[in-house]
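Try each task on your own before you read on.

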Protein chains: 2
Amino acid sequence: MSQTIKPAAPDNGAARAMLYGPVADQMVEVEDLLREQMRSQFPEVDEMVRYGCLLGGKRLRPALLLLAGQAVGELSRDHIVLGAVVEMIHTATLIHDDVLDGAEMRRHLATVNSRWDNAASVLLGDFLFTHAFYLASTTDSTFACRTIGQTTNIVCEGELRQKCNRGDLSLAEDDYLQIINAKTAALVECSCQLGAHCAGGDLQTVARLARYGADLGAAFQIADDLLDVVGDPSTVGKTLGTDLEQRIATLPLIHAMTSASDSERERLEGALAAGGAIAEEALESSLARHQSIDFARAKANGFASRAREQLNGLPDSPALQVLIGLTEFVVQRSH
Amino acid sequence: MSQTIKPAAPDNGAARAMLYGPVADQMVEVEDLLREQMRSQFPEVDEMVRYGCLLGGKRLRPALLLLAGQAVGELSRDHIVLGAVVEMIHTATLIHDDVLDGAEMRRHLATVNSRWDNAASVLLGDFLFTHAFYLASTTDSTFACRTIGQTTNIVCEGELRQKCNRGDLSLAEDDYLQIINAKTAALVECSCQLGAHCAGGDLQTVARLARYGADLGAAFQIADDLLDVVGDPSTVGKTLGTDLEQRIATLPLIHAMTSASDSERERLEGALAAGGAIAEEALESSLARHQSIDFARAKANGFASRAREQLNGLPDSPALQVLIGLTEFVVQRSH
């Protein structure tokens, strides 16, 4: 249940072109603004901040913010600023996540905590959070500040809940869904909402784009959690199976636990507590017996379909086509 | 160079009355708002957030925000909201600080990292930061968001600089002063500035109150760093000598290192690297030889005087008297 959303490997130019096509020029502006803003006049701090800038990856959230804006109306300077803001917030949560997880690699780069230390990660994450809030406040109204403040608070609450539930392998599916909605989907939702709002979308259109983002984000996170169980380490930039190692229950395991008989559940819990090959074999066999991988895939597909439905009624445009394409792209990742 | 500012022991009612006297009613409102806002609908999160609420201590920053406002004009709802905001931000930085320092006690309470763990501290700090930003955005204009975003970013940059310079016992006095201005004085300055601004103060008055806060904050931090060297563990709520243990250079040591001959400096550095009683004896003897404690006290007095001068020309009022009193109070702490 790592928070990363990776629509493709970092060097997948085709995926990037598909994502950014209609908003490629504005994505360059976001990137320039990020590079300009993620600096410090103090060399020792500057080095860290610029390194942090590299960790975010594919810039999916700014891309969604711009695409949602373009699907609804005209892009403005606020879109560029808020694109940088959501990316900074995302990066801050990743850097803090890596402390919690003790992760060493992130997108083929050493994490901040492994290159420097935990203290550097905590402070660098704080630096990015606070700078993002400052940047948001340079837009015209308090709308962006309020939306971003509220969203990031939901993200943190979701992360806290996940942390508190660590080790609870009998987490209910509803709790799992609430947690991924908070810790992942909320910022994707916020990105789409801000994009549509700043392009002058009416209330209903902004709400539909927000809903699109929420459902897309949930589909992404379920697919990401699936990758943690079934994926191949060479295609993603981190060690796999980390959720299980950290005793975080994700959808495939939750489904298997719920479907299992009392005795099977007890055996599985025992094996997972033992760890190593015993845990892996028991998990694989339970997941296969209850078709839990298929169940989780179907759930991700369901969210992706709901996301697509939110787009009905929007005028056709290259940006709309990318938003539609993303709903398919996200669930293909775990196949 | 811990970031705590403690004008008195937690049960010092007289000091509290002196601080809050003219704004006692509004301080109750701030406290009520903090209690109301620092909650979560999820019991596991709620317990942590409410505990975090206890750690801030004397509520000095909201008190200054209210006093600065009252010294300049009328208090409004925005003062209450922003009072809660600066306290939440202060608490967030303390909680993250305790992770960096591995501190176990804070104001006679177990720190979040020792009662729960580092992950809880990181996320709880983030929760408070983001909630503070959200609350700030509920005020009328983007002014508060911008000021708070900018200030917290400066605080984090100061903390990052301190972290990067850890172990550098030959830190220059100017760098030390820049760091304490960023990591401590900036939020005190921001509190006074917001208080005066929201009470309708003109530009010059707001700037003077801001300057008052900056100088008061610097005096506080130097006095706090002095307490770390000369203080008595029974009067403050934390283990003493932590700066030295963590190889953070503060003003008394910086002065002694600067005043010492090359050979004395080398001996002192060697003794400090050795640690334990050898380090303590060498430090005590160097501090005494160069009268470095007196030097640091004089520096704190200098900042306190400058703070007091900023208040010249304000109409007399009970709030003004408290602001004046605080400039004396802060430097008496280390005597």
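## Exercise 1: the nonpolar core

Of the 214 residues in the largest nonpolar core, A:Ala219 and B:Ala219 touch the most other members. Such a core is a set of buried Ala, Val, Leu, Ile, Met, Phe, Trp, Tyr and Cys residues joined through C-beta atoms within 7 Å. A residue is buried if 20 or more other C-beta atoms lie within 10 Å of its own, exposed if 12 or fewer, and partly exposed in between, with C-beta atoms placed from the backbone.

Before you start, note that this is a predicted model: local features need pLDDT of at least 70, side-chain atom pairs count only at pLDDT 80 or more, and totals for chains, interfaces and linings use all residues. Residues are numbered from 1 along each chain as its sequence is written, and chains are lettered from A and ligands numbered from 1 in the order in which they are written.

**Task.** List the residues in contact with B:Ala219, leaving aside its neighbours within four places in sequence.

**Solution.** 
- Step 1: apply the contact criterion, C-beta atoms placed from the backbone and within 7 Å.
- Step 2: the partners of B:Ala219 are then B:Ala300, B:Phe303, B:Ala304, B:Ala307, B:Val330 and B:Val331.
- Step 3: look at helix H16 of chain B, residues 318-332. B:Val330 and B:Val331 are among the buried residues of H16(B), as are B:Leu323 and B:Phe329. Helices (H or I, at least four residues) and strands (E, at least two) are DSSP runs, numbered from the N terminus.

## Exercise 2: the shape of chain A

**Task.** Judge how compact chain A is for its 335 residues.

**Solution.** 
- Step 1: count the elements; chain A has 16 helices and 2 strands.
- Step 2: Along its principal axes the C-alpha trace of chain A spans about 60 × 50 × 35 Å.
- Step 3: check burial, where 57% of the 335 residues of chain A count as buried.

## Exercise 3: the two chains together

**Task.** Work out how chain B can be laid on chain A, and which helix gives the most to the side of chain B that touches chain A.

**Solution.** 
- Step 1: superpose by least squares on the C-alpha atoms of residues with pLDDT of at least 70 in both copies.
- Step 2: find the residue of chain B that comes closest to the axis, B:Thr142, at 2.8 Å (C-alpha).
- Step 3: count the interface. In chain B, 36 residues are in contact with 36 residues of chain A. H8(B) gives the most to this side of chain B, with 13 residues.

Notes: Two residues are in contact if their C-beta atoms, placed from the backbone, lie within 7 Å. The radius of gyration is taken over C-alpha atoms; the globule rule is 2.2 Å times the number of residues to the power 0.38. The expected span of a helix is 1.5 Å times one less than its number of residues.
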